[in-house]
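Please look over the sequence and the structure before reading on.

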Amino acid sequence: QLQLVESGGGLVQPGGSLRLSCAASGFSLDFYGIGWFRQAPGKEREGVSCISSSGSSTNYADSVKGRFTISRDNAKNTVYLQMNSLKPEDTAVYYCAAGLSITTVQLMCPKSYEYDYWGRGAQVTVSS
């Protein structure tokens, strides 16, 4: 069964850090570009970050630039999202997605419809 599983979410105080992981099972991520999205209560899903299949290009939403870092370890079939200096407005369910046709993200992150597989999400809550 092909699936993506997010982990690493939780409750953290403002200014704190979390690292989300997105692990694939049933297929190799080697040829897939990966995106991270988030959805807060009452809001639309928004793109957070993305990384190309080779890892050579990455991109970020303006709201997280300088605070979040996306990376991948193809040997572990896993993509990470390191989140630092977290703010209450980062509170959301975070989803990872994999897209086979995504080879570059240098100009911008792909739209959600360009991804083939989605995880079920991980809750991130930033609160004191």
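The notes below cover a sheet, a loop residue and the nonpolar cores.

This is a predicted model, in which local features need pLDDT of at least 70 and side-chain atom pairs count only at pLDDT 80 or more, while totals for chains, interfaces and linings use all residues. Residues are numbered from 1 along each chain as its sequence is written, and side-chain values use heavy atoms, with hydrogens and water left out.

**The sheet**
- Four strands, in the order S1-S3-S8-S7, make up an open sheet with antiparallel pairing; strands are DSSP runs of E with at least two residues, numbered from the N terminus, and two of them pair if DSSP finds at least two bridges between them.
- Strand S1 (3–7) and strand S7 (68–73) are the edge strands, each of which pairs on one side only.
- S7 and strand S8 (residues 78–83) run antiparallel and are joined by six bridges, and Arg72 stands opposite Val79 in S8.

**A loop residue**
- Asp62 lies in the loop between strand S6 (58–60) and S7, and it counts as exposed because its relative accessibility is 65%, the cut-off for exposed being over 50% with a 1.4 Å probe and protein chains only.
- The C-alpha atoms of Asp62 and Val48 are 8.5 Å apart, although 14 residues separate them along the chain.

**The nonpolar cores**
- A nonpolar core is a set of buried (under 20% relative accessible area) Ala, Val, Leu, Ile, Met, Phe, Trp, Tyr and Cys residues joined through side-chain atoms within 4.5 Å.
- The largest has 29 residues, and Leu29, Trp36, Phe68, Leu81, Met83 and Tyr94 have the most contacts inside it.
- Another core, of six residues, lies apart from it and includes Phe37, Cys50, Ala97 and Val105.
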